[in-house]
Each structure stands twice: as C-alpha cells, then as structure tokens.
Amino acid sequence: MKFYRSRTQILYRYVPGSIFEHDYFGTCFVTDVNVNAPDKLNTSGIQRILSAYLDLWAGFGDDAFPDPYDEWSEYKVGIPDRVIFEPFPPIVECSRCGHINDLSQLRNQPLDAPTVCSQCGTGKYRQLQYATIHNCGKLSPIPVPKCPTHGDEYMVFEDTGRFVTAYWKCKKCSYTRGMPRYTCQCAFSRAVASDSGEDYKKNMQYVRTNDTSVLYSHVLPIVNLSEESQEKLRQDPQAHYLLLAKLWSLFDRNIFDVARERAATAAQSQGNAQQKELIEALKNQIGDNVSANQLLEQLKKTSELPERENIDRVKSLVPRLTSTEPSQALLEHVAILESLDVIDEAQVRENVDSRNDQSGLYDLDQGFRFARNQLGLQDIWCITDFPIAMVAVGFSRGSKSIGEALLVPFRPSKNDGGKVPLYVVTSNTEGIMLQLNPLRVSSWLIENNLTGGEYPLDDIESWAWCKNMLPKLSEFRGITNAPDDLNIAEKATITLLHTISHLLLKHIEWSGFDPESVGEYILPETLSIVIHSNNYSSFTIGGMVTLYEQRLHGWLRDSYNAAFNCIYNPICEDEGSSCVGCLHRQYNCEGFNQYLSRAILKGGYVPDLSRNVKGYWMISHE
Ligand SMILES: [Zn+2]
Ligand SMILES: [Zn+2]
Ligand SMILES: [Zn+2]
Ligand SMILES: [Zn+2]
Ligand SMILES: [Zn+2]
C-alpha cells in the first residue's frame, strides 16, 4: 500500500518506522519511502551538521551510522515522494466477544476489509491501538499472555484506559494477569547502569499507537546555498582578502562581478606584458614618444586587478593571516548578501516611504536606532529567498533527548541497495540577518578583560581586531561545530550571538510565526545571525518581510526586555540565567541549547566562561 503526502509531512510524520492513522486502512506502519534525486544540494552542509549531530549522540546510536565524510557514499539523500506502509499493529480484537486474533493469521482475508470474528462468527475485528516500544528504537505489537490451561484462544483484554490497571483474562476459567513486563536485550539496556536504580528503563514500554513518543523524527536544518557560485570566487588567489574587504564594506560593487573582472584581467595581463615589451623595444629605436608612453600607461591601467588597493589595505591590517583559503562562514555571509534577494535599510525605507506611511517611517527609524544604540547591532537585512534544506537523519523512540534513547538510522529502502536514507526537503524561505557592531564587540571584550589588546578606533580597525584576536571563530559555522579549545573571548562572542538569537526567536510570534517554524543560523566569524522560517507555508509567506518593514521596533524592544527576566527566577538566575523559561528551545536550536546565558547581555555569572561579566547591553556607548 502506498500514498503521497506533502514532503514536509513525510519528513516529520511518515518516515520509515512511524505509525499513523489511515482513513481507510486503519492504523499503519511505514515500511519504506520512495525518493527522488534532489537537484541542487549543499552536500558539505549536510555532512557538517550530521557529523556534529552524531558527535552529540556519541555512545547513543552514532556507531550505527556511516561516517558522514569518509563513508558518504553509503548514504542515499533523496526528496521523499511516496510512502509505503502496511497495517500495524497486527493484534485485533472482536468488537462483540473480545476474541483476540492476529492479522497475520487472517491472511486469506483482504486486509482492508473488516474481518468477521472466527470465534463468535458475528463480531468484526478491529485493531488494538496499543504497541510496545523501547528507547533503542524497537517497536513490537503488545504481547498476548497465555492461560496455563487454555492457551491464548480465550484470552480477552480488559481495557481500563490505563496500562497499570488494564489486564488480561481467560473467558473459560477467569484466569487473570496484568500486562506482561519484559526487558529488551539491546545496546540501550546495556547502557543503563545496573546500580543506577533505573532498571525500569530496560523494560519495553506500553504506548498508544498515536502517542508522540512512538517516533521522533530528527530533522536538522541546513542553509542550502549554491556551492557553484562560491566556487568562482574561491578560485581567486586573493579571495580571502577580497571577501574581508567586502565584509568590512571597503567597496560597494558586487563581489561576484569583481571576481569575474579580476579573472578576466589576470588572463589579459599576460598578453599585455608582451605588448609592453614590444612598445619598450620600439621606444628604444625611435626615442621617447608621447603616444608610446600613453599606450604604456593605458596598458598598465588595464592590467591592474580591480580592488587591489583595498586588498592591500586588508593585508596590512591582518598581517598574521595564515590561511589564504577563506572560511565557509565568510563565503556564505557574503554570498547571502551578494547573491540573494536582500532588502537593506535604504531599500526598506524606500518601500515604506513609497506607501506614504509617515508613522511607519518613524517606527522604522526608531527600530534601527534601537538596534544600534541598545542592542549593539550594526546592520539588519531581510532576505526574501533564503534557501533552506530540512534533513531527516534518523529517529528515536521513547525520548528524543541524548542519553535517554538511541538515535537510529532509517531503514534502507528496498530500491537502494542497503544505503542509509537521509530525507531532505528544500525550499526558499525568508530570513532576517543581523550583524553585531564589531567596534562594540571588541570594546566590550576588552572592558571585560576577556582579552588584551588596544581599543580599536573605528569599524575597519575593529574588524581587523576581531580577525586577529578571535581567530578560531573562522573555523566553524553554527554552534554545534564549535571547537573545544576556543579562547574565553571567542566563547563569550558565540554566547553573545547565540543568546541574542534565542531572544529574537522567542519573540518572533509577533509576526504570527509559530516559534517552532523558525530557526537560526549563526555565522560567528562575521558576527551575524540569520533568523529564518523553516517552511514556506501560505501562512508564513511574507511574515518576515512584514516583521522587518512594520514591526521591527516592537520585536527588538521585546527581545531586549526579555534579557532581564525569567519566569523561573530566582532559580534561573542562580543557574546561569538560561533555562526553558527564558532561552531554551525545544526545536530548531542549531546549537542544542549550548552557549546560552542572559547574563552575557544583562551582566552576571556566565557558566560557559566560569566568571562574571558586564553585560553587552549594559555597557554605555554613545
Ligand atoms: Zn467475536
Ligand atoms: Zn531495546
Ligand atoms: Zn483459562
Ligand atoms: Zn530562565
Ligand atoms: Zn540555538
């Protein structure tokens, strides 16, 4: 049996191993999902986040997955298309006499027709809506105990609505017994320490088939920027400096145009060199000549690579830069702003002004002023075609928390020769990108004695300062991949970015978004955060643009205020100012709630730094 569902639905609710209610066939179990090949996919992005996720689950199922880098060919990445399923659980009960039967015993009957009871001959069988699961990923029909005298032929299920009080009874002799308990012999049970008093965790657990704990699909978001466009830029031998010059706003032109011109000029300059030699030779014969000199001057100009001066300026500011290879985060940051549809401050002003909306314009001004003065931001953009891919990497049962269950890879499809499936759904959504002010960040780090160094004087100097003082921020994107050996200033910086990101996410309901449908993407090196929607449902279309154009001030103000409070105070305060009441997110936290503390903004003890700091939002700047 098979059917089609929306791709996003499949990702969350119809992956292999899940149970669902079918209008016609009753309760069913997904055995397979057919996929189509995706056309454009940021493969390295998937490898990166899967690898980081498996690291988090180390010891809890990670070894069942092929290595995302070395064994990538053992994965099959596909866009879900068709769901294959069969009825489950197979245990059925007669609606009249309670006779228990097994669907697999009724093979001669069509599975989709209500079958008549073999014992009373009149009642219809219906599925018992229960199953047993274990946190290792196992799922079984509930066991039917036997009567010592009559076997299982007359056993009926006395459903009290609660597993602790429900029981089994033999209709012939009134033998009764409770729901059988049994332990699962598996890797998860072995991981439960025998002296922990948590032996119950080894037991199979009874659940209703519609219980959410039956299956948690683990879906991770990645930014699906085209690697192709980045490649052209990457080939420029000065790409790293050119990108930094762009990040530091040293030039306005589109960086991809500049890179193309630089490549063309470099190719041409070889020809120019030959011409130059010819002219010089000619000059030697005919003496100094005005036209020849003009020609030489012109040749010199056309062989000069565009933006050379700015590149030289960057080089002088970061003399210790060792790698000529730009980081992926830097490339992505620039690619987002230079190759996607982006509304910037000037554009949004124009949009609002063209509607003759004077109060809107006033509000917008207030918003940007608040962002700069109170929040220490430098820039805010709105991206109207932000490319996102959601990747379902595996599932767990009983719990979706690390250490409470095993992460299990999806069952390979019959068509794909044992390859581990990864289901992916790509879409263009909307996002808002925010960048911290590098001068504020560097001054705050110095003022907190988190680093030495001189106070930088302006934006360019402070960008260079960050590049020199926070070198490891270039090594990762997101939070999950943060190396263990970050220096304290680097840790403070990502805690700052991540905490601001969560406050903004928490208050995004302002724009009508379900908080679960928005995600974050953090680019530490460029001091930037992207808040994006994860799907492009009709409800959310335009929501981010509206937020940016019409509710910026309110959104930023609410997020700011939220840094100073938590419903779980004073407990939250004592435990590092980060908890479910204020900062933690259940879904779509790409850092899985690491590196979060309101204290980084309002001042106080920051656990990740093991010390007190003056808050980023508490240091006055004029
Ligand atoms: Zn019956
Ligand atoms: Zn188990
Ligand atoms: Zn009996
Ligand atoms: Zn809290
Ligand atoms: Zn997060």
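**Helix 5**

I began with the buried residues of helix 5, and they are Ala-239, His-240, Tyr-241, Leu-242, Leu-243, Leu-244, Ala-245, Lys-246 and Leu-247. Buried here means 20 or more other C-beta atoms within 10 Å of a residue's own, against 12 or fewer for exposed and partly exposed in between, with C-beta atoms placed from the backbone. Helices (H or I, at least four residues) and strands (E, at least two) are DSSP runs, numbered from the N terminus. That makes nine of the nine residues in 239-247 buried, so helix 5 is largely enclosed by the rest of the structure. Just after the helix, I noted that Ser-249 takes a positive phi of about 60°.

A reminder to myself on the source: this is a predicted model, in which local features need pLDDT of at least 70 and side-chain atom pairs count only at pLDDT 80 or more, while totals for chains, interfaces and linings use all residues. Residues are numbered from 1 along each chain as its sequence is written, and chains are lettered from A and ligands numbered from 1 in the order in which they are written.

**Helix 5 against helix 8**

Next I looked up how helix 5 packs with helix 8 (residues 308-317): the angle is about 95° and the axes are 9 Å apart. The axes are lines fitted to C-alpha atoms over the stretch in contact, and angles run from 0 to 180 degrees between N-to-C directions. Helix 5 and helix 8 are therefore roughly perpendicular (65 to 115 degrees; under 35 is roughly parallel, over 145 roughly antiparallel, the rest oblique).

Which residues of the two helices meet? I found Tyr-241, Leu-242, Leu-244 and Ala-245 on helix 5, meeting Asn-310, Ile-311, Val-314 and Lys-315 on helix 8; contact means C-beta atoms, placed from the backbone, within 7 Å.

**The sheet 9-8-13**

I then turned to an open sheet of three strands in the order 9-8-13, with antiparallel pairing; two strands pair if DSSP finds at least two bridges between them. Strand 9 (139-141) and strand 13 (205-208) stand at the edges with a single partner strand each, so one side of each has no neighbour in the sheet. Neighbouring strands are turned by 40° against each other on average, direction ignored. Strand 8 (residues 130-133) pairs with strand 9 over three bridges, and Ile-133 has Leu-139 as its bridge partner in strand 9.

**Lys-491**

Last, I checked Lys-491, which sits in helix 14 (residues 488-506). Lys-491 counts as buried, with 20 C-beta neighbours inside 10 Å. Leaving out residues up to four places away in sequence, Lys-491 touches Leu-486, Asp-608 and Leu-609.
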